[in-house]
Every structure is written in structure tokens, then in C-alpha cells.
Amino acid sequence: MSERLREVVERLGLLLRAEERRAAAELGIQPVQLQVLVYLDRCNRFSDHPAAVAEYLGATKGTISQSIQRLQEKGLIEANRDEVDRRRIHLTLTTAGKALVKSAATVDRLGRALAGLGRRGNAKAILESLVDAVQSAQEQPAFGTCESCCYLDRKGRRPTCTLFDETLNKSDLGRICREHDR
Ligand code: SF4
């Protein structure tokens, strides 16, 4: 049973990578550059720095640094210093970068198939548990969303992150966060 599950997960990983390579080629960028853009489109403001991108993608800092530089040169992302902590960098998609990610979504056949699967709560919970287990085994940051995070406080008028002591808006809740903890 576990052997078959392993095959299914590995096959899914291979299909996803192949789909990603195809989408990146159609858009005229490298697959890793597309991965960076998609991550930045989905992460929150606490997780949009180069180190978090490298950790999430499991890539070296050097590879991600080069990809970020290329994407900046292409005008697809921009880097801004944090207004409070000037040592921190926030990477954000430009209008062109957002348009490119949207184009990638329209050619993402596997993504649409997974979206259908995601509506089945049970499948989503099982896959999330699997990702949690692998991340934990690899001693990786948890990378999840506020909805399942122990730092989310819904007692006030607006949801709050007790780790960063900041209020969250509705769109924050579904964004990927490096500091997520169940
Ligand atoms: S509640 Fe958790 S997931 Fe949400 S911003 Fe705070 S640490 Fe990140």
C-alpha cells in the first residue's frame, strides 16, 4: 500500500514538473523563474524575501538570487526595503509579473485537475498531512496558511497574527506563510 502511494506521489511530482516546464517554455522563461513568480503571487508579506523563496522551492540561495535578478531585469518583479526594518527586502510582482502568472494559470491543465480534487475536503486534508510529514522529516519550515495556524486569533473584530502582532485581512488568510505552525 505505502509503495503504491509512493509511486502515485512520485508520478504526481513528475507530472507537475513536466507541466511547469511546458508552461514556462510557452511563456519564454525558465521553470525556476516561473516557480519564483508563482510563489511570490501566493505568499504573504512575512514570507516574500529571497531566503523564504529559496527555502520554499528547495533551491540554493545562489540559484534563487540569479532568478530574482533575471526577473527584475525582465521587469516582472521588484524589490523594496521594509519601511520599518531596512535590512529586510520584500519582493513583489509588477503588473507584468502578475499578468504572466495569470497566463500561466490559464495554461495549467494539471492545476485545474488539482483544484477539482482540492474541493474534496478529505483529499485536501490527506495531502496537507503528507506535506507536513515530509517538511517535518526534512526539517523544513512549515509553509502553510493562516487558516490552520496556531498563531491565528479570531477573537477580536478582525483576525490577528499573534506571532507578528498584526491584524490580517481576508486575503492574508489564504496566503502562504513561512512561519506557519499547526
Ligand atoms: S497566523 Fe500564522 S500563518 Fe498567519 S501570518 Fe501569522 S504566523 Fe503566518
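Modeller: What follows goes through those topics in turn.

Modeller: This is a predicted model, where local features need pLDDT of at least 70, side-chain atom pairs count only at pLDDT 80 or more, and totals for chains, interfaces and linings use all residues. Residues are numbered from 1 along each chain as its sequence is written.

Colleague: Start with helices α1 and α2. At what angle do their axes cross?

Modeller: Roughly 95 degrees, and the axes of α1 (residues 2-27) and α2 (residues 31-42) come within 8 Å. Helices here are DSSP runs of H or I with at least four residues, strands are runs of E with at least two, and both are numbered from the N terminus. Axes are lines fitted to C-alpha atoms, for helices over the stretch in contact, and angles run from 0 to 180 degrees between N-to-C directions.

Colleague: What does that make the pair: parallel, antiparallel, perpendicular or oblique?

Modeller: α1 and α2 are therefore roughly perpendicular to each other. The classes are: under 35 degrees roughly parallel, over 145 roughly antiparallel, 65 to 115 roughly perpendicular, and the rest oblique.

Colleague: Which residues meet there?

Modeller: Glu20, Arg21, Ala23, Ala24 and Leu27 on the α1 side, with Pro31, Gln33, Leu34 and Gln35 on the α2 side. By class this contact has 5 nonpolar, 2 polar and 2 charged residues. A contact is two C-beta atoms, placed from the backbone, within 7 Å. Nonpolar covers Ala, Val, Leu, Ile, Met, Phe, Trp, Tyr, Cys and Pro; charged covers Asp, Glu, Lys and Arg; the others, Gly among them, are polar.

Colleague: Take Leu34 from that list. Is it buried or exposed?

Modeller: Leucine 34 is buried, because 22 other C-beta atoms lie within 10 Å. The cut-offs are 20 or more other C-beta atoms within 10 Å for buried, 12 or fewer for exposed, and partly exposed in between, with C-beta atoms placed from the backbone. Leaving aside neighbours within four places in sequence, leucine 34 is in contact with Glu20, Ala23, Ala24, Leu27, Ile29 and Ala104.

Colleague: And how does α2 pack on α4?

Modeller: The angle is about 80 degrees and the axes are 10 Å apart. That makes α2 roughly perpendicular to α4. Val32, Gln33, Val36 and Leu37 in α2 meet Thr63, Ile64, Ser67, Ile68, Arg70 and Leu71 in α4. The residues of this contact divide into 6 nonpolar, 3 polar and 1 charged.

Colleague: On to the largest nonpolar core. Which members touch the most others?

Modeller: Val36, Leu37, Tyr39, Leu40 and Ile77, out of 25 residues. Elements giving two or more residues to this core are α2, α3 (50-57), α4 (61-73), β2 (89-93) and α5 (95-106). α2 gives the largest share, 6 residues. A nonpolar core here is a set of buried Ala, Val, Leu, Ile, Met, Phe, Trp, Tyr and Cys residues joined through C-beta atoms within 7 Å.

Colleague: What does Ile77 touch?

Modeller: Not counting residues up to four places away in sequence, isoleucine 77 touches Leu40, Ile68, Leu71, Gln72, Leu91, Thr92, Leu93, Thr94 and Gly97.

Colleague: Next, His49. Where does it lie?

Modeller: Histidine 49 is in the loop between α2 and α3. It counts as partly exposed, because it has 18 C-beta neighbours inside 10 Å. Beyond four places in sequence, histidine 49 touches Arg88, Ile89, His90 and Leu91.

Colleague: Now the ligand. Which residues surround it?

Modeller: Asn44, Phe46, Cys146, Cys149, Tyr151, Leu152, Cys161, Leu163, Phe164, Cys177, Glu179 and His180. A residue is near a molecule or strand if its C-beta atom, placed from the backbone, lies within 6 Å of it. This shell has 9 nonpolar, 2 polar and 1 charged residues.

Colleague: Which loop holds Thr162?

Modeller: Threonine 162 is in the loop between β4 and β5. It counts as exposed, because it has 11 C-beta neighbours inside 10 Å. Threonine 162 touches Tyr151 and Asp153, not counting residues up to four places away in sequence.

Colleague: What is the phi of Asp165?

Modeller: Positive, about 55 degrees, although aspartate 165 is not a glycine. Aspartate 165 is in the loop between β4 (160-161) and β5 (166-167). With 8 C-beta neighbours inside 10 Å, aspartate 165 counts as exposed.
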